[in-house]
Amino acid sequence: LRLPCRVAAALCLAENAIGPEAYKPSTILTSLKGLTVEVGNTDAEGRLALAEGMTYMQRRYERVAALVDFATLTGAMRIALGEAHAGLFANDDALCAALL
């Protein structure tokens, strides 16, 4: 691609499947970051996988200038914006403007 910067990506995938290894309500998990998370909703695998991926990328690449999440975590975003648009949340106004 010959970009003027280095780009790295991580695929943080989860499958909502039934089985003996599936999360159960009230399960306490310890994240890669060391925080404990109580599973209040068993549909949270994607959010937990995303958090783990973001922690991994921050640790693997020490000098991260920007961390961008392209995710489809909620059906509410699809209802709000339709299928032709994506939602964007940012804590950096300049990066947000550049991405738009």
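Ser26 sits in the segment before S1, and its phi is positive, at about 75°, although Ser26 is not a glycine. The model is a predicted one, so to speak of local features takes a pLDDT of at least 70, side-chain atom pairs count only at pLDDT 80 or more, and totals for chains, interfaces and linings use all residues. Numbering runs from 1 along each chain as its sequence is written, and side-chain values use heavy atoms, with hydrogens and water left out. Helices (H or I, at least four residues) and strands (E, at least two) are DSSP runs, numbered from the N terminus.

Leu13 is also found in the segment before S1. At 71% relative accessibility, Leu13 counts as exposed; the cut-offs are under 20% relative accessible area for buried, over 50% for exposed, and partly exposed in between, with a 1.4 Å probe and protein chains only. Leu13 and Gly46 are separated by 33 residues in sequence, with their C-alpha atoms 6.6 Å apart in space.

On to strand S1, where Leu29 lies. Leu29 comes out as partly exposed, at 22% relative accessibility. Contact here means heavy atoms within 4.5 Å. With neighbours within four places in sequence set aside, Leu29 is in contact with Tyr23, Leu35, Thr36, Val37, Val39 and Leu48. Between Leu29 and Leu88 there are 28 Å from C-alpha to C-alpha, for a sequence separation of 59 residues.

Helix H1 covers residues 45-60, which makes 16 residues. The expected span of a helix is 1.5 Å times one less than its number of residues. Which residues of H1 are buried? They are Glu45, Leu48, Ala49, Leu50, Gly53, Thr55 and Met57. Their cover includes strand S1 (28-30) and strand S2 (36-38). Thr55, in helix H1, counts as buried because its relative accessibility is 9%. Apart from neighbours within four places in sequence, Thr55 is in contact with Leu32 and Lys33.

Past that helix, Val64 is found in the loop between H1 and helix H2 (75-81). Val64 has 36% relative accessibility and therefore counts as partly exposed. Val64 and Val7 are 57 residues apart in sequence, and 9.8 Å apart in space from C-alpha to C-alpha.

Now for the surface. Val68, Phe70, Leu88, Leu99 and Leu100 make a nonpolar surface patch of about 560 Å². Patches take residues with over 30% relative accessible area and no salt bridge, joining like charges within 9 Å and nonpolar side chains (Val, Leu, Ile, Met, Phe, Trp, Tyr) within 5 Å. A salt bridge, in turn, is a side-chain nitrogen of Lys or Arg within 4 Å of a carboxyl oxygen of Asp or Glu. The areas come from the Shrake-Rupley method with a 1.4 Å probe, and for residues only the protein chains shown count as cover. One of the patch residues, Leu100, is placed in the segment after helix H3 (93-99). Leu100 is exposed, with a relative accessible area of 79%.

The structure holds 0 disulfides, a disulfide being a pair of cysteine sulfur atoms within 2.5 Å. Cys5 is in no disulfide, and the nearest cysteine sulfur, that of Cys96, is 18 Å away.
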